[in-house]
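These are my notebook entries on one structure. I set down what I looked up, entry by entry.

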2 protein chains.
Amino acid sequence: MPRSAARPAARTLPSPDMLAEGAGAPPCSSDDLIELLFFAYRDFVGDPDRILAEYGFGRAHHRVLHFVDRYPGLTIAELLDILRITKQSLNRVLKDLIEQGYIAQKTGTSDRRQRLLYCTQTGAALAGDLTRVQTRRLTRALAAPAAAASPENFLLAMIEPDERAAVSRLMARRGQQGAA
Amino acid sequence: MPRSAARPAARTLPSPDMLAEGAGAPPCSSDDLIELLFFAYRDFVGDPDRILAEYGFGRAHHRVLHFVDRYPGLTIAELLDILRITKQSLNRVLKDLIEQGYIAQKTGTSDRRQRLLYCTQTGAALAGDLTRVQTRRLTRALAAPAAAASPENFLLAMIEPDERAAVSRLMARRGQQGAA
DNA sequence: GAAATATGTCAACGAAACTGACGTAATCGG
DNA sequence: CCGATTACGTCAGTTTCGTTGACATATTTC
């Protein structure tokens, strides 16, 4: 197995505690960043998911609601370009949001073919709740002095605190045991 | 609409060009980070997706292959804890990877109930290809002097270069036009 | 007036998650 | 040693959210 032999010797990941202190940026392979990005994103979308479930909505609804809230007057074409999905996919979730009163459409003024999208008050309130939990995680992560120092510290700080130790423990395992 | 009135005045996002120079870290709201994380992650998983499609695999296969490659001897239970999916979901993709010779199982020695997972040579090769494209993006992003300076610069640098301008243009729009 | 554009919609399909129930082999605890 | 627990596999059905392909309609543009 040539590839496993090519694995570099394990370098140390900053311990979770270091995030509290004003630690520097210890070396960290970009391989580690791949996983940290996975874990950070997993927890990052996990927060809003719990709220959305109460409304019977999913992540697709979240994305639409978020961008319409943040960029009022967005057209369908712009939204499609942002989300990179087909109009059929978009239409399914957009229809839900419109029918249930979270998003409203307005015919474009300069081009009457366009449907400009806006959040209703209810929609803006829900979008605000969703943004809040994500902002809370980000703010908490950025509050760690080490977080701004390096991408890996930032991503580690984005992970749910209870799970940071488990992630660090796992990542400390790389290249160890396990020969077939 | 109380919420839109509460929106802070638009602060400037670092321009895409600034990533090439040794720019400092201009202020950036955590609202911006939410979107940057979305765009960065979208492009980050887009690279391997193209390769996986050639093999008839999806992202679920990628995640399994990645963690088994990186942590040889991983058990099913550990993998379930990492991925946070049900064993039924895991089993579907794992079965594909085993049947097609990318992953092999070994009965645990200390506990014979466990199935220890290992990549075959073919599996390790594919995992390597997938890691390579993601590492390339990460390395390129980290090479930008400004990237290490702040999370927002790092995330912006992770976005596909061709699209950075479009993202910046979009984000510069916040709070502008669009009153109903 | 013809062509292109922006959007909506019907129908079928596929990937990848979910729930709930049940089976089997191995380990553990008394 | 036997019953309970654990680790894993599997059958069956459902949901979310993406896909393709085709076609309709209103509006703008040339």
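**Entry 1: chain A as a whole**

I began with the surface: the accessible area of chain A is about 8,600 Å², and 52% of this belongs to carbon and sulfur atoms. Such areas come from the Shrake-Rupley method with a 1.4 Å probe, and for residues only the protein chains shown count as cover. I note that this is a predicted model, in which local features need pLDDT of at least 70 and side-chain atom pairs count only at pLDDT 80 or more, while totals for chains, interfaces and linings use all residues; side-chain values use heavy atoms, without hydrogens and water. Residues are numbered from 1 along each chain as its sequence is written, and chains are lettered from A and ligands numbered from 1 in the order in which they are written.

I then listed the secondary structure of chain A, which has 8 helices and 2 strands. I took helices (H or I, at least four residues) and strands (E, at least two) as DSSP runs numbered from the N terminus. Along the sequence the pattern of chain A is α-α-α-α-α-β-β-α-α-α.

Of the 180 residues in chain A, 50% count as buried. Buried stands for under 20% relative accessible area, exposed for over 50%, and partly exposed for values in between (1.4 Å probe, protein chains only). Among the chain A contacts with a separation of 6 or more, 59% come from residues 24 or more positions apart; a contact requires heavy atoms within 4.5 Å.

**Entry 2: the two copies**

How is chain A superposed on chain B? I recorded a rotation of 180° with 0.0 Å of shift along its axis, at an RMSD of 0.1 Å. This is the relation of a two-fold axis. The same surface serves both copies, as 100% of the contact residues of chain A recur in chain B. The superposition is by least squares on the C-alpha atoms of residues with pLDDT of at least 70 in both copies.

**Entry 3: Leu65(A) and the cysteines**

I located Leu65(A) in helix H3 (residues 59-70) of chain A. Leu65(A) is buried, at a relative accessible area of 1%. Beyond four places in sequence, its contacts include Leu97(A), Tyr102(A), Ile103(A) and Cys119(A). From Leu65(A) to Tyr102(A) I noted 37 residues in sequence and 7.9 Å between C-alpha atoms.

Cys119(A) is buried at 9% relative accessibility, and Cys119(B) is buried at 8%. I found 0 disulfides over all chains, a disulfide being a pair of cysteine sulfur atoms within 2.5 Å.

**Entry 4: aromatic pairs**

I counted 17 aromatic pairs over all chains. Rings of Phe, Tyr and Trp (its six-membered ring) pair if their centres lie within 6.5 Å; planes under 30 degrees apart are stacked, over 60 edge-to-face, and the rest tilted.

Phe57(A) and Tyr102(A) have ring centres 5.3 Å apart and planes at 80°, so this pair is edge-to-face. Phe57(A) lies in the loop between helix H2 (30-55) and H3 of chain A, and Tyr102(A) in the loop between helix H5 (87-99) and strand S1 (103-107), so the pair ties together parts 45 residues apart in sequence. Phe57(A) is buried at 8% relative accessibility, as is Tyr102(A) at 10%.

Phe67(B) and Tyr71(B) form a stacked pair, 6.5 Å centre to centre with 15° between the planes. Both Phe67(B) and Tyr71(B) are buried. Ring pairs join Phe38(A), Phe39(A), Phe67(B) and Tyr71(B) in a cluster.
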